[in-house]
Amino acid sequence: MRYLGLDYGARTLGVSISDETGTIASTLKTIRYTEDKELLVELSKIIKEFNIKEVVLGLPLNMNGTNSVRGAETYSFKTKIEKNLKVKVHLQDERLSTVEAERILIGSHIRRNNRKKVIDSMAAVIILQTFLDKGKGNYEYSID
């Protein structure tokens, strides 16, 4: 089964996808948007095209593990995906995923202008790969 990984930002959504065995994550695309309705339409197309049953959504926690303002928005987006697209959504701690993505891209000698184009989808890869490496949903994040 393929999984979709998402790095939900204020203006962009990084999207990654796993292979058929759910073992390796790779970049798919970055979607620029102005409102969540646009994202849901784009995600619906991707979910249908790749027959996605489960999505892994990065959860931006504070460094001390508490919920953040963006985390609350992410929970809301999770609910919208589940309600409108009828897929299961797992939350994956994404602390430092963008920093790690930047480090990887710099290490690969990607120019700054080119890094900006792929940083979100690379962060989505890190989110999804972390989820896959930890056993595909044997845990779930919840902030009370």
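Modeller: Let's begin with lysine 86, which sits in the loop between helix H2 (69-85) and strand E5 (88-93). Keep in mind that this is a predicted model.

Biologist: Why is lysine 86 called exposed?

Modeller: Exposed means over 50% relative accessible area. Lysine 86 has 66% relative accessibility, so it counts as exposed.

Biologist: What makes the phi of lysine 86 worth a remark?

Modeller: Most residues other than glycine have a negative phi. Lysine 86 is not a glycine, yet its phi is positive, near 55°. Asparagine 51 is another such case, with a positive phi of about 55° although it is not a glycine. Asparagine 51 lies in the loop between helix H1 (36-50) and E4.

Biologist: Now the strands, please. Why is E2 called largely enclosed?

Modeller: A residue is buried at under 20% relative accessible area. In E2, 7 of the 7 residues are buried, so the rest of the structure largely encloses this strand. You can see it face by face: Thr12, Gly14, Ser16 and Ser18 are buried on one side, and Leu13, Val15 and Ile17 are buried on the other.

Biologist: How do you know that E1 is mostly covered?

Modeller: By the count for strand E1 (residues 3-8), where 6 of 6 residues are buried. Tyr3, Gly5 and Asp7 point one way, Leu4, Leu6 and Tyr8 point the other way, and all are buried.

Biologist: What makes E1 and E2 a pair of strands?

Modeller: Two strands pair if DSSP finds at least two bridges between them. E1 and strand E2 (residues 12-18) have 5 bridges and run in the antiparallel sense, so they pass that test.

Biologist: In which sense do E1 and E4 pair?

Modeller: In the parallel sense, over 4 bridges between E1 and strand E4 (residues 54-59). Here leucine 6 stands opposite leucine 57 in E4.

Biologist: How do you know that E2 also pairs with E3?

Modeller: The same cut-off of at least two bridges applies. E2 and strand E3 (residues 25-32) run antiparallel and are joined by 7 bridges. Serine 18 has alanine 25 of E3 as its bridge partner, and leucine 13 has isoleucine 31 of E3. E2 and E3 form a hairpin with 6 residues between them, and glycine 22 in the turn has a positive phi of about 70°.

Biologist: What is the order of strands in the sheet, and why is its pairing called mixed?

Modeller: The open sheet has 5 strands in the order E3-E2-E1-E4-E5. Strands of a sheet can pair either parallel or antiparallel.

Biologist: What makes E3 and E5 the edge strands?

Modeller: E3 and E5 each pair on one side only. On average, neighbouring strands of this sheet are turned by 25° against each other, direction ignored.

Biologist: And which strands does H1 lie across?

Modeller: H1 lies across E1, E2, E3 and E4, and runs at about 145° to E3.

Notes
Residues are numbered from 1 along each chain as its sequence is written. This is a predicted model: local features need pLDDT of at least 70, side-chain atom pairs count only at pLDDT 80 or more; totals for chains, interfaces and linings use all residues. Side-chain values use heavy atoms; hydrogens and water are left out. Buried means under 20% relative accessible area, exposed over 50%, partly exposed in between (1.4 Å probe, protein chains only). Helices (H or I, at least four residues) and strands (E, at least two) are DSSP runs, numbered from the N terminus. Axes are lines fitted to C-alpha atoms, for helices over the stretch in contact, and angles run from 0 to 180 degrees between N-to-C directions. Contact means heavy atoms within 4.5 Å.
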